[in-house]
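The following note records points for a colleague who is examining the model below. Each point concerns one topic.

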Amino acid sequence: MLTVFLEAINNMANILSSSDAKIMNREESRVYADPHVGHVSLGGPVRGVLFWLLVLPLFLFTIGDAAFNPGKLQNRLPWITGAAIVSLLWSKAVSGVRVAAEWEKGVILTLGKFSEVRGSGMFYVLPFIESVRFLDMRVQVVNIPRQRSITRDNVPVEIDSALFLVVKDPGLAVTKVQNYAFATSQYVQSALRDVVGSLTLDELLSEREKVQDQIALIVGEKVRDWGLGIDSVQLQDFDLPEELKKVMSRQASAEREKRATITKAEGDRIAAQNLAEAAELMQKNPIALELRTLQTIDGLAGSPSNTVVLFPMELGNAVKFMVNPAKEDRN
């Protein structure tokens, strides 16, 4: 008895482990976009060129031929110190040169207060007074974590989705919300659960486009004040319980069998109607019946395995004519 119980527990553990392995394989097979694409510094080479454009001639002029004469080099230490101070100040001045890519905008904060939006291209930021934050104006893809929800007919579903977001107003996106991508993702998750909970499973599976548009509309109204726009919300995958998948498969199979039976019955009905019309036509025209008989005989004679015994049609008609008057006389 104990052995049977232990075997049952072992089988159950194997089933659970195989199920977990399938889930892990499914998760690993999913390919997600990488949303962590930050600002690409394009002003570094420009700042380097501007820095050395002044500093290199300055040091060459300051040191001069003293590089080969230690005595003169010691006499020019004040000049070298002054050149180093100028180089330091020049490096701070050059650090304000910024370059924004074609798809970027720079939000300028002057002493911590929003002042304007600059870019794309090269612009200057006053050191110690102004600061800049670059924003990507292209459509951004934000992965929505897998959401577990229950439909209106009490069916649990897990949904993978993605949000396509675009920044409309960089100033509002910086000053109105701390992390616009994360905040918008939270809104999408909440709206997704609300919309899925108001629909049945059949409506969810058959009206995916409508569900996506409804979620995008709800979230778009909430993030409009943040200077954001929702390009679209895409529902990528629906994960249903295995038992429900089997039931749906049986239902689909039964539905296909039902359609096949109906189609066959409809074909039989049409064939019977055509045969009835043909019989009525042949009854009105005996020659047509004889031609059909000859055609049938010709089709049978084409196979060497068939043995065909022929009776003259006139003999059959004569026998029929003799039988019918005899019946009439008895009546």
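1. Helices and strands here are DSSP runs, of at least four residues and at least two respectively, numbered from the N terminus. On that basis the protein chain holds eleven helices and eight strands. The model is predicted.

2. The mean pLDDT of the protein chain is 80, and 74% of the residues score at least 70. Among the elements, strand S2 has the highest mean, 94, whereas helix H1 (residues 2–29) has the lowest, 51. Where pLDDT is low, the predicted coordinates should not be read in detail.

3. As to the overall fold, 24% of the 331 residues count as buried. Of the contacts in the protein chain with a separation of 6 or more, 65% join residues 24 or more positions apart. The accessible surface is about 23100 Å², and carbon and sulfur atoms contribute 61% of that area.

4. A nonpolar surface patch deserves attention. Leu111, Tyr124, Leu126, Phe128 and Ile129 make up this patch, with about 560 Å² of accessible area together. Leu111 sits in the loop between strand S2 (104–110) and strand S3 (113–118). Its relative accessibility is 69%, so Leu111 counts as exposed.

5. The count of aromatic pairs is three. One of them, Phe51 with Trp52, is edge-to-face, with 5.2 Å between centres and 80° between planes; Trp52 is exposed at 53% relative accessibility. The pair of Phe123 and Phe134 is tilted, because the planes meet at 45°, with the centres 6.1 Å apart. Phe123 belongs to strand S4 (residues 121–124) and Phe134 to strand S5 (residues 130–136), eleven residues apart, and this pair links distant parts of the chain. Both Phe123 and Phe134 are buried.

6. The whole structure contains twelve salt bridges. In one of these, the closest N and O atoms of Glu130 and Arg118 are 3.2 Å apart. Glu130 is in strand S5 and Arg118 in strand S3, so this bridge ties together parts twelve residues apart in sequence. Glu130 and Arg118 are both buried.

7. Helix H9 (residues 242–284) includes Arg259 and Glu255, which are four residues, or about one helical turn, apart. Their side chains form a salt bridge with an N to O distance of 3.9 Å. Arg259 is partly exposed at 45% relative accessibility, as is Glu255 at 36%. Also in helix H9, Glu266 and Arg269 are three residues apart, and their salt bridge has an N to O distance of 2.3 Å.

8. Finally, a network of salt bridges links Arg146, Arg148, Glu158, Asp160 and Asp239.

Conventions: Residues are numbered from 1 along each chain as its sequence is written. Side-chain values use heavy atoms; hydrogens and water are left out. Buried means under 20% relative accessible area, exposed over 50%, partly exposed in between (1.4 Å probe, protein chains only). Contact means heavy atoms within 4.5 Å. Accessible areas come from the Shrake-Rupley method with a 1.4 Å probe; for residues, only the protein chains shown count as cover. Patches are made of residues with over 30% relative accessible area and no salt bridge: like charges are joined within 9 Å, nonpolar side chains (Val, Leu, Ile, Met, Phe, Trp, Tyr) within 5 Å. A salt bridge is a side-chain nitrogen of Lys or Arg within 4 Å of a carboxyl oxygen of Asp or Glu. pLDDT is the predictor's confidence in each residue, from 0 to 100. Rings of Phe, Tyr and Trp (its six-membered ring) pair if their centres lie within 6.5 Å; planes under 30 degrees apart count as stacked, over 60 as edge-to-face and the rest as tilted.
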